[in-house]
Amino acid sequence: MVQLEKKIKLDKRSIYLRHLILTALEGGRRGHIGSSMSLVEILRVLYDNILKYDPKKKNLHNRDRLILSKGHGCLALYSILSDKGFFSKKKLKTFCKPTSILGGHPDINIPGVEATTGSLGHGLSIAIGIAISLKIKKIKSKVFVILGDGEMNEGSIWEALMSASKHKLNNLYIVIDNNKLQTYGPPSEVAGLSNLKKKLISFGIDTVSVNGHSTSQLYKSFKKKNLKNKPRAIICNTIKGKGIDFAEGKLDWHHKASLNDEVIQKLYKSLEKNINK
């Protein structure tokens with residue numbers, strides 16, 4: 001699977017969004033690099049092609065909602081939100097600084113952020129609450145929630161899945177960034193989590209698996225209408241650190257702190273290599 005994913009080449013837009021991530025990283029000198037790079041195509045396709053929203057009307061009642069439950073991947077979210085005009089790209093350089101609105105995890109005070117996340121295992125329950133509320137109000141908006149594969153170890157996730165299935169939330173899309181690494185190692189080793197697709201299906205969730213760096217596969221899976229009485233899960237097989245050759249699939253690039261100029265420049269140069277591939 002990993003070898004197949006590595007064949008996906010990054011186009012100019014994907015490289016550009018990763019460049020924005022590095023801009024924020026350079027400002028804060030810290031961040032979850034690997035966890036953000038694996039998210040780029042997922043967020044790109046959602047914000048470019050799927051979600052209904054208006055940066056000038058952030059509380060539009062019939063907007064689609066996106067919750068980044070794996071909040072430590074916030075650099076990717078900040079990148080796309082700034083690109084879409086929710087806030088100035090100049091703010092990216094203030095990442096993790098004392099007076100900045102852009103912290104190490106998403107906060108509802110940031111324009112475009114729907115929920116404060118980062119304490120793993122809670123974003124799905126928030127999304128379910130919103131999805132139920134929209135059903136009651138007869139608002140035909142969609143709710144997307146992005147989980148990490150390591151986050152799937154949380155018991156609260158599986159309780160929430162039972163609730164989503166019970167309430168037949170066909171307006172709910174559960175997107176899993178399956179980059180196969182969490183803080184301590186592969187989820188299969190940390191908690192023995194395996195056969196994720198079969199488990200989700202057994203919980204009553206309509207589930208598909210796609211290449212999480214293929215914009216065409218992502219688009220088709222997000223665009224497909226949900227079954228009448230079921231929420232949908234899209235398992236996105238990704239590579240942690242995608243786009244940075246020396247960080248791809250490397251556990252020690254889950255998070256970095258106190259990055260110096262030399263390492264920052266190495267990151268930029270590695271990303272630029274993709275332009276010539």
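The model is predicted: local features need pLDDT of at least 70, side-chain atom pairs count only at pLDDT 80 or more, and totals for chains, interfaces and linings use all residues. Residues are numbered from 1 along each chain as its sequence is written, and side-chain values use heavy atoms, with hydrogens and water left out. Helices (H or I, at least four residues) and strands (E, at least two) are DSSP runs, numbered from the N terminus.

- Two packed helices are described by the angle between their axes and the distance between the axes.
- Axes are lines fitted to C-alpha atoms, for helices over the stretch in contact, and angles run from 0 to 180 degrees between N-to-C directions.
- Helix α2 spans residues 12-28 and helix α4 spans residues 40-50. They pack at an angle of about 110°, and their axes are 10 Å apart.
- The two helices α2 and α4 are therefore roughly perpendicular. Angles of 65 to 115 degrees get that name, those under 35 are roughly parallel, those over 145 roughly antiparallel, and the rest oblique.
- The crossing of α2 and α4 is right-handed. That word applies if the near helix is turned clockwise from the far one by less than a right angle, and left-handed applies if anticlockwise.
- On the α2 side, the contact uses Arg-13, Ser-14, Leu-17, Arg-18 and Ile-21. On the α4 side, Val-40, Glu-41, Arg-44 and Asp-48 take part. Contact means heavy atoms within 4.5 Å.
- By class, the contact of α2 with α4 has 3 nonpolar, 1 polar and 5 charged residues. Ala, Val, Leu, Ile, Met, Phe, Trp, Tyr, Cys and Pro count as nonpolar, Asp, Glu, Lys and Arg as charged, and the others, Gly among them, as polar.

**How α4 meets α10**

- Helix α10 covers residues 215-223. The axes of α4 and α10 come within 10 Å and cross at roughly 55°.
- That angle makes α4 oblique to α10.
- The crossing of α4 and α10 is right-handed.
- From α4, the contact is made by Glu-41, Ile-42, Arg-44, Val-45, Leu-46, Asn-49 and Ile-50. From α10, Thr-215, Leu-218, Tyr-219, Phe-222 and Lys-223 join in.
- The contact of α4 with α10 has 7 nonpolar, 2 polar and 3 charged residues.

**Two enclosed helices**

- Buried means under 20% relative accessible area, exposed means over 50%, and partly exposed lies in between (1.4 Å probe, protein chains only).
- In α4, 9 of the 11 residues are buried, so this helix is largely enclosed by the rest of the structure. Among them are Ile-42, Leu-43 and Tyr-47.
- Helix α5 (residues 74-83) has 9 of its 10 residues buried, so α5 too is largely enclosed by the rest of the structure. The buried residues include Leu-75, Ala-76 and Tyr-78.
- The buried residues of α5 pack against α2, α3 (33-37), α4 and β1 (65-68).
- Ser-79 lies in α5. Its relative accessibility is 1%, so Ser-79 counts as buried.
- Leaving out residues up to four places away in sequence, Ser-79 touches Leu-17, Leu-20, Ile-21 and Leu-92.
- Just after α5, Gly-85 takes a positive phi of about 90°.

**Cysteines**

- A disulfide is a covalent bond between the sulfur atoms of two cysteines.
- Here a disulfide is a pair of cysteine sulfur atoms within 2.5 Å. By this rule the count comes to 0 disulfides.
- The closest cysteine sulfur to that of Cys-74 is in Cys-96, 6.9 Å away, too far for a bond.
- Cys-74 is buried, with a relative accessible area of 1%. Cys-96 is partly exposed, with a relative accessible area of 31%.
- Cys-96 lies in the loop between α5 and α6 (123-136).

**Loop residues**

- Most residues other than glycine have a negative phi, and most peptide bonds are trans.
- Phi of Cys-96 is near 65°, a positive value.
- Arg-29 has a positive phi of about 60°, although it is not a glycine. Arg-29 sits in the loop between α2 and α3.
- At 27% relative accessibility, Arg-29 counts as partly exposed.
- Ala-257 is in the loop between β5 (232-237) and α11 (261-273). Ala-257 is partly exposed, at 39% relative accessible area.
- Ala-257 and Gly-28 are 229 residues apart in sequence, yet 8.8 Å apart in space, C-alpha to C-alpha.
- Ala-257 touches Arg-29 and Arg-30, not counting residues up to four places away in sequence.
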